[in-house]
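Opening the notebook on a new model today.

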Amino acid sequence: MVGQNNGGTVENCCNTGVVSGSVEIVGGVVGFNESGTVKNCYNTGEVSDDVGFTGGVVGYNVAGIVENCYNTGKVNGDVSAGGVVGFNESGTVENCYNTGEVSDGVSAGGVVGWNNNGTVISCYYLEGTAEKGVGDGSYTGNGAQSLSAEDFADQASFKDWDFNSTWEMSEL
């Protein structure tokens, strides 16, 4: 949808198609987000890259905000593959989730592949989709928690999320 977002806002967007590349940065909705906001967006398509920085929603986030976003598609990269964000540098990833499988050769994360001085707050990923919530294991904030399929169906599992005006969860 967006190759590069410099300081703007990408809001209420979705991708359902396959996104693949042989470049350094690939995202399901935004490739490179610098000082911008990506909000209320989602990806359901497969996202893959054979070079690095591959994210279900955003490939590379620099000093930007990624909030209220989710991914359900498979994410596969060579370095820094994340269910929501591939590489988060001094940015914030908040209230996001991933249920798609994430794999790569170096640093796969259920929510963020690699985090460099960034913040990860109240994010979740489906257990079994990745070994860790943040692939390299470093972040500020309360991070990315693994949830079972049963817990994913329970609003109480999503701490501090707004189910009145932002999120909706159907009864099973």
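Which residue in β10 is the bridge partner of Val 26? I looked it up, and the partner is Thr 54.

Housekeeping before I go on. This is a predicted model, so I keep to its cut-offs: local features need pLDDT of at least 70, side-chain atom pairs count only at pLDDT 80 or more, and totals for chains, interfaces and linings use all residues. Residues are numbered from 1 along each chain as its sequence is written, and side-chain values use heavy atoms, with hydrogens and water left out.

**Sheet.** β5 and β10 (residues 54-55) pair in the parallel sense over two bridges; pairing takes at least two DSSP bridges between the strands. They belong to an open sheet of four strands, ordered β5-β10-β15-β20, with parallel pairing. At the edges I find β5 (26-27) and β20 (108-109), each pairing on one side only. In total the chain has one helix and 24 strands, counted as DSSP runs numbered from the N terminus (helices H or I, at least four residues; strands E, at least two).

**Cores.** The largest nonpolar core has 20 residues, and Val 38, Val 57, Val 66, Val 93 and Val 111 touch the most other members. Such a core is a set of buried Ala, Val, Leu, Ile, Met, Phe, Trp, Tyr and Cys residues joined through side-chain atoms within 4.5 Å. Buried is under 20% relative accessible area, exposed over 50%, partly exposed in between (1.4 Å probe, protein chains only). A second, separate core of nine residues includes Tyr 70, Phe 152, Phe 158 and Trp 167. I also listed contacts (heavy atoms within 4.5 Å) of Val 93: leaving aside neighbours within four places in sequence, they include Val 66, Val 111, Ile 121 and Cys 123.

**Phi check.** Most residues other than glycine have a negative phi. Ser 80 sits in the loop between β14 (75-77) and β15 (81-82), while Asp 160 is in the segment after α1 (149-152). Buried or exposed? Ser 80 is buried at 1% relative accessible area, whereas Asp 160 is exposed at 68%.

**Whole chain.** Of the 172 residues, 49% count as buried. The C-alpha trace spans about 40 × 30 × 30 Å along its principal axes. For contacts with a separation of 6 or more, I noted that 69% come from residues 24 or more positions apart.
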